[in-house]
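This report goes through a structure from its sheets and helices to its domains and chain contact. Please look over the sequence and the structure before reading on.

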Amino acid sequence: MTKIGLEIHCQLTNLKSKLFCSCKANYREFEINENICPICMGLPGSLPRLNQEAVKKATLIAMALNCTTPNKIAFFRKNYFYPDLPKNFQITQLNIYGDTSIGGAGSIIVGDKKINITRIQLEEDPGRLIYEGSSSKNQITLVDYNRAGTPLVEIVTEPDFENPKHVREFLNILSDLLENLGVSDPTLEGAMRADANVSIDGGKKVEVKNIGSFHDLEKAVHFEITRQNSLHDRDIEIIQETRHWDDKRKITISSRSKEEDLDYRYFLEGDIPWITIDPEIREKLKLEMPESISSKKERYVSKYNIPPQVADVLSSDKFYSELFDKSHTESNAKEIANIITTDLMGLVDTREKREESKITSTHLRDLADSIQSEKISRISAKNALHEILKTGKSVVDVITELDLGTVSNESELSEIIKEVITSEPEAVEQAKSNPQTINYLVGKIMQKTKGKADPKLSLDLLKQQLDDL
Amino acid sequence: MNLKISALEYVQQVQNGNISAEDFISKTLEQINKVDEKLHAFLSINDDAVNQARAIDKKIKSGDKVGSCFGMPISIKDNMCIKGSKTTCGSKMLENFVAPYDATVISKLKQQDAIFIGKVNLDEFAMGLTTEFSAFGPSKNPWNPEYVPGGSSGGSAVSVSAFECLMSLGSDTGGSVRNPASFCSVVGYKPTYGLISRYGLISYANSIEQIGPLTRTVKDTAFMLNMISGLDPNDNTTINVKNGDYLSDIDSGIEGKKIGIIKEMMAEGTDPAVLSATNDAIAKLESLGAICEEISIDMVKYSVAAYYTITATEAGSNLARYDNIRYGYDFPVEGYEFNSYISKARKNFGPEVIRRMIIGGFVPSAGHAGKYFLKAMKVKSKLTKEIDEAFKKFDFLIAPTVPILPFKLGEKINDPVALFLIDINTVTANLTGKPAISIPFSISNGLPIGIQLFADSNNDKSLLQAAYALEQTVKLPEVPI
């Protein structure tokens, strides 16, 4: 059986400062090596100053993944040489001398399977290496320390996954969860990274490192399973090793360095005293914890009778579920859920578009009310959305300016229907013998009115005219 | 003008208008010029000191608010960062490192209008107890320049002893303040772990070391603690103790106090002169009304082994950053791979640092940690338990600061194990986090002997009271320089 385990690195991008100093956690907006200080550069004499907010946010993640949370946590030094590591050790957490990391064993349901979490730890991100030069001979490595010291949460799972699809489902759920908790923005480049352990029946465990996005993680796992299976088919032994994901060629490559042989000489970080996480703090965090995605979904289905698939899509998205919760009333909830999931999500599908969009909860409420009171058709509502996103004008103004109001004038509509009947003799014949095909003609009416025709009135009038023929 | 005054006497004289900061600084610089070629306490001198003193004099004259140092010259061990000045750690590796920030103790003293007269010598990265391991040559003992001044804060002790400054800051990882204080006949103080911020002190063994003052009198130490102790957001290990003013009630005396004499610190191998001085001190304390009684602290016999194991482990990690990428010296990389490059780069370290880094790579490594590092940590916690027990019975503990007299330069440098064992009386305070002080007590054949008192954690104020009481019984000859 194929076994896959994951180590997910998630940056706490929503924090203000780095894990051990007051430089910005959001390093992305800085010029190279501008977001640094004596502490995150590991200058002689500097000491780490723990960001208490990071401890809270990481605890929140542990609680959301149903992990045990110890009363006291400690930090350890992981000693190794690497150019992106200013101190030549990383301050991280470890559980070999008892559970002292931010989260212990936990689990999360993915589809119909339980995925077990081994542990969650809080640690500092290293700097970023930039390679320049074309050939390996004149290649130089540049180091940007802006990222060094950024708060990172490592989530380690048991090898409970069986295939890449399963991995992807988990990652989707996890990234929605992290976003929903308000701890991280998974869409930021490099905010989510992962290592994977992959083994197939009878083979040794292979670790794949350096996977820079969740998208590539699925690919890397897929590649690795295929590679191992093909070795197995040819009776070649699968050795225990560390491989790196080559993100240009989309393959895994054996690491020449024997990283598994590294001795990290872990020991307690004496510069950070043990931190007590009181039960009161945990209780307080529990109260502050945003409603979980599954509870939201359940609420949408049971309270507003929103179809489960729609509720699923809506609840998994922090941005849209918040918009929904702000705009809906008892009576228009279903309509708003529809507008969001069928139209709005398609129109506003990137981070940039979300940031630029001018839509508010008032817009959504007014739009849904207009549809329900038949002031505007669903098709016209979609056109109105386009305009609102661009300009932020009120629904009333948009309807007037774009002349989107429903055509519900009987004589006006009757004229249009007459025209349609004349121009579509074949469809008329069909509709007479098979009433189910009548929708084609309704569509034509909508086309002629640019979607503004009152649908119910149109159908009634159409039926009447067909009967009269 | 008399340089041979205490820091508090200086404050009084400046306030009385008897002396000016500028005159005192100039005189001090003259003294440094006169004696330091021989003693080598200083690694660098503050060129701007006279100007700084002039500015402070101006403030005094115009009646502006002046910090409590009034421009007094203070020397700083060269492992503490002063913004814009070289901080070498006595190492070739940091020969050109200019600190871009101030250590917390430095900012605090700047606010009090101290003048940092210069940076003083130390064993490389504070590893050693003679200053012979400084990459820039040893310091000499002012009592006899053929003898070592102790270490690693040797430059601090020499500069205070030879009137090259009024006070000094050293750092004490296993006795590095108290040992040279004892060898040079000055007061040396190792506070409760966390009392003074370590921010800006270049780490050697961060879990046990503290910055500590070296002064001429116990009162001066109390004065210094008033200025530099306290909670610091930049050092998460600092503690919030409400000791108030360390100077007030310093003359409370020790009547009725119980003092434990640590048997293992006066064991075989202790110099007879040191032994007799200690007994003399005990007798004097008893005559002041203290009750002295012997106590055995069994774990002391393992303390040096545990100390070297733990400090090497932390040093191996703390010094890993000196990989020659940002510190050190340039050489062409052609022909080197990772290991040979690091190996060449690290030739920049002296023998003692290399020795401890090799030990530090070994004792906590997988497969050996259980036998060495973890065992050492066990000794540390058992020793702490024993000492905590002792403090349930006693107010203070007493022992010689160093079991032997100062020795000649070069005499022990090639015998690392013999050097290690000299730490036996000092490492306990570091491993247990307790405060300890060395008080100049006696002179034997022209060489100083210091007596050490310990107190329980956070009892720094009462420890200074006991030290002050003992100090008042002592009359020592002047240093022969």
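Which residue in S10(A) is the bridge partner of Gly5(A)? The partner is Asn197(A). The model in which this pair is found is a predicted one.

**The sheet of chain A**

The pair belongs to an antiparallel pairing: strand S1 (residues 3–11) of chain A and strand S10 (residues 192–199) of chain A are joined over 8 bridges. Both strands are part of an open sheet of 8 strands in chain A, with the order S5-S6-S9-S1-S10-S11-S12-S13 and mixed pairing. At its edges are strand S5 (106–110) and strand S13 (251–254) of chain A, each of which pairs on one side only. From one strand to the next the twist averages 30°.

Helix H1 (residues 52–64) of chain A packs on this sheet and touches S5, strand S6 (113–124) and strand S9 (151–157) of chain A. The direction of H1(A) makes about 170° with that of S6(A). Helix H2 (residues 164–181) of chain A lies across S1, S5, S6 and S10 of chain A and runs at about 110° to S5(A).

H2(A) is made of 18 residues. From its first C-alpha to its last, H2(A) reaches 25 Å, close to the 26 Å expected at 1.5 Å a residue. The buried residues of H2(A) are Pro164(A), Val167(A), Phe170(A), Leu171(A), Leu174(A), Ser175(A), Leu177(A), Leu178(A), Asn180(A) and Leu181(A). After H2(A) comes Gly182(A), which has a positive phi, near 75°.

**The sheet of chain B**

Chain B has an open sheet of 11 strands in the order S1-S3-S2-S4-S6-S5-S10-S11-S9-S7-S8, again with mixed pairing. Its edge strands are strand S1 (42–45) and strand S8 (291–295) of chain B, and each pairs on one side only. Direction ignored, neighbouring strands of this sheet are turned by 30° against each other on average.

Is S4(B) mostly covered or mostly open? S4(B) is mostly covered, with 6 of its 6 residues buried. Met167(B), Leu169(B) and Ser171(B) point one way from the strand, while Ser168(B), Gly170(B) and Asp172(B) point the other way.

S4(B) pairs with S2(B) in the parallel sense over 3 bridges; in this part of the sheet, Ser75(B) stands opposite Ser168(B) in S4(B). S4(B) is also joined to S6(B) by 6 bridges, and these two strands run antiparallel. Leu169(B) stands opposite Pro213(B) in S6(B). Elsewhere in the sheet, strand S9 (residues 396–400) of chain B and strand S11 (residues 447–455) of chain B run antiparallel and are joined by 5 bridges. Within S11(B), Leu453(B) is the bridge partner of Ile398(B).

| Helix of chain B | Strands of chain B it lies across | Angle |
|---|---|---|
| H5 (residues 154–161) | S1, S2 (73–77), S3 (115–120), S4 (167–172), S6 (210–215) | about 155° to S4(B) |
| H7 (residues 218–228) | S4, S5 (187–190), S6, S10 (436–444) | about 140° to S6(B) |

**Domains of chain A**

The domain assignment of chain A gives domain 1 (3–283), domain 2 (291–401) and domain 3 (410–468). The C-alpha centres of domain 2 and domain 3 of chain A are 30 Å apart. Between these two domains, 4 residues of domain 2 of chain A are in contact with 6 residues of domain 3 of chain A. On the domain 2 side, the residues are 1 nonpolar, 2 polar and 1 charged.

Tyr300(A) lies in helix H5 (residues 293–304) of chain A. Why does Tyr300(A) count as buried? Tyr300(A) counts as buried because it has 25 C-beta neighbours inside 10 Å, where the cut-off is 20 or more. Leaving out residues up to four places away in sequence, Tyr300(A) touches Ile306(A), Ala311(A), Leu314(A), Ser315(A) and Ala337(A). Tyr300(A) and Ala337(A) are 37 residues apart in sequence, and their C-alpha atoms are 9.1 Å apart in space.

**Contact of the chains**

How many residues does the contact take from chain A and from chain B? The contact takes 22 residues from chain A and 31 residues from chain B. The side of chain A that touches chain B has 11 nonpolar, 5 polar and 6 charged residues.

Conventions: Residues numbered from 1 in each chain as written. Chains lettered and ligands numbered in written order. Predicted model: local features only at pLDDT ≥ 70, side-chain atom pairs only at ≥ 80, totals over all residues. Contact = placed C-beta atoms within 7 Å. Nonpolar A, V, L, I, M, F, W, Y, C, P; charged D, E, K, R; others polar. Pairing = 2+ DSSP bridges. Helix = DSSP H or I, 4+ residues; strand = E, 2+ residues; numbered from the N terminus. Axes fitted to C-alpha atoms, helices over the stretch in contact; angles between N-to-C directions. Expected span 1.5 Å × (residues − 1). Buried ≥ 20, exposed ≤ 12 C-beta atoms within 10 Å, placed from the backbone. Domains from an automatic or database assignment.
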